[in-house]
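Hi,

Here is the structure I promised to pass on. My notes follow below it.

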Amino acid sequence: MPEYAILILPSANRVYTSSAPALVSAELSAFASVLSAEVRDTGTRTFGGVDYVTLTTDEPLSDDDIALVSNVSSTYALFEITGELLRPLHLTPAARFDSDLLTIQKYPGKTNEQFTQLVFNLTLLASRWADEGYHTPLHVLDPLCGRGTTLNQAMMYGHDATGVEVSAKDFEAYERFIKTWLRSKRLKHTAQSGVLRRHKTRLGQRLEIEYAADKDDYRAGRTRSLVYYNTDTLRTDELVREGSVHLVVTDAPYGVQHGSRAEDDSLARSPRDLLAAAIPGWTRVLRTGGAMGISFNTHVLNRAELIATCERAGLTVVTGPGYDDLAHRVDQSIERDVVVARK
């Protein structure tokens, strides 16, 4: 049976590099649902002292299969295994833009962009748009978007993106970054920003960008949208139309001050309380057949509790290969896991 090997992209985060092979192996199991070749096994092998993630199929990968596998997070190179030799295969990922859209921002607490892509992939593959989501525009929401790593990943895949974030500091940092990046790449775009109001009440700030990957697309009206609301995530379903979102992808707070506001206008500190209050609203804006992917710190939020919260909101948690063994250490105080649920 044909066997393939993925060389893992080195990460600036040494701890994530050690976790990446197991995470990519699980991710490949999820990709099996969209490949024409049946996946028999995933695992790891060592060639020349270097560890590779392996994929065994019942028949050779087609060009379309290789294009899909090219989007697996942390993939640096793909090879076909022939005995003890590795034959390189040409990667054709769905990325529309240069990788610096994801890598150029550096700040404390930034979610590793390889992990963001993994959660994004798992969420997309759990939705009813799994077969088309790498070449058809979808609407992606990150309701706790911080400085926009998930929004940027949505842009890379050619999707429309909406973000919600309560921190004005994060909003302003992302606005500076994305406007500078679009100008530096000479991408045709329009950008509007200002006060966010609803029913004459000031909720925060807003940023609305329309852009295209090239001038021809822009002139033809084949544009994508990027919207960022600087406000409480509990207002998401007031700002985003019901049933308009294909995917919700977010990295929940790890136990720091973040997210929702209490009655006394202080920020709620408990990720458990925040998600319990917010997930019903996020679910309302999600389309039937859409999926929600949430990464979280198991030290402050129990997996079973998060699953119960999703189920109370009417979601069905996805289980099985690719979705059950994603817990991994980030640092001494953070062990991260992922729950993906379908509407």
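Predicted model: local features only at pLDDT ≥ 70, side-chain atom pairs only at ≥ 80, totals over all residues.

Does L23 count as buried or exposed, and why? L23 counts as buried because its relative accessibility is 3%, where buried means under 20% relative accessible area, exposed over 50% and partly exposed in between (1.4 Å probe, protein chains only).

Before the rest, two notes on the basis. Residues are numbered from 1 along each chain as its sequence is written, and side-chain values use heavy atoms, with hydrogens and water left out.

Back to L23: this residue sits in helix 1 (residues 14-31). Setting aside neighbours within four places in sequence, L23 is in contact (heavy atoms within 4.5 Å) with Y16, L118, L326 and H328. From L23 to M292 it is 269 residues in sequence and 19 Å in space, C-alpha to C-alpha.

Now the protein chain as a whole. It has 10 helices and 15 strands; these are DSSP runs, numbered from the N terminus, with helices being H or I of at least four residues and strands E of at least two. Buried residues account for 55% of the 343 residues. The C-alpha trace spans about 70 × 50 × 35 Å along its principal axes. Of the contacts between residues at least 6 apart in sequence, 68% join residues at least 24 apart.

Best wishes
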